[in-house]
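Here are a few friendly notes to read with the model open beside you.

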Amino acid sequence: MKNQMFKTDRNYASTTLRIVLGVIIFSHGAQSMLGWFGGYGLKATLQFLTTAMSLPMAVAFSVIAIQFFGSLMLVAGAGTRIAALGIFGIFVGMASYHFQFGLHMNWAGSKGGEGFEYHLLVMGMCLAVFILGGGALSLDRKIAAKLS
């Protein structure tokens, strides 16, 4: 059973999905956790999530930790399915907030917020990676081999 969590094949399509998803989510996780890429850092992000978004502190910290550490797991291909599932869950919550603004992003600045198209794309990528596994060049392949 535990081998199934890490089992994957030499699929380069899932490798590409995993790495691209990991890099993009890392940029957001690093904004929240470290203040990189124009982000506000851990303290300010926690304050925003707990006050403006009314999330409990434990949930707010989990969101940041999953984005940051889950993205690193995806890039390395270690615990790929676990990371994809965690990121999927975060983006379900984010999409539900952005649903009020419609599907499309707010390119013209005419809406009160951004649509949920980006969130939908990330959720689709997460589902694909969850189903396919880490693919070629993943640590999951080595872990699965040792568990066999």
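1. First, a word on names: helices (H or I, at least four residues) and strands (E, at least two) are DSSP runs, numbered from the N terminus. The model is predicted, so to speak of local features pLDDT of at least 70 is needed, side-chain atom pairs count only at pLDDT 80 or more, and totals for chains, interfaces and linings use all residues. Residues are numbered from 1 along each chain as its sequence is written, and side-chain values use heavy atoms, with hydrogens and water left out.

2. Now the largest pocket, which has a volume of about 840 Å³. On a 1 Å grid over the protein atoms alone, a pocket is an open set of points where a 1.4 Å probe fits, with protein on both sides within 12 Å along at least five of seven lines; lining residues have an atom within 4 Å of a point. Points are joined across faces, edges and corners, and the volume is the space filled by probe spheres set on them.

3. By class, the lining has 14 nonpolar, 12 polar and 1 charged residues (Ala, Val, Leu, Ile, Met, Phe, Trp, Tyr, Cys and Pro count as nonpolar, Asp, Glu, Lys and Arg as charged, and the others, Gly among them, as polar).

4. Next, α5 and α6: their axes come within 8 Å and cross at roughly 160°. Axes are lines fitted to C-alpha atoms, for helices over the stretch in contact, and angles run from 0 to 180 degrees between N-to-C directions. Residues in contact (heavy atoms within 4.5 Å) include Phe88 and Phe91 of α5 and Tyr118 and Phe130 of α6.

5. How do α2 and α4 pack? Their angle is about 150°, with the axes 7 Å apart, which makes α2 roughly antiparallel to α4. The contact has 16 nonpolar, 6 polar and 1 charged residues.

6. Last, the axes of α2 and α6 come within 10 Å and cross at roughly 135°, so these helices are oblique to each other. Among the residues making this contact are Leu17 and Ile24 of α2 and Val122 and Met125 of α6. By class, 12 are nonpolar, 2 polar and 1 charged.

Notes:
Angles under 35 degrees count as roughly parallel, over 145 as roughly antiparallel, 65 to 115 as roughly perpendicular and the rest as oblique.
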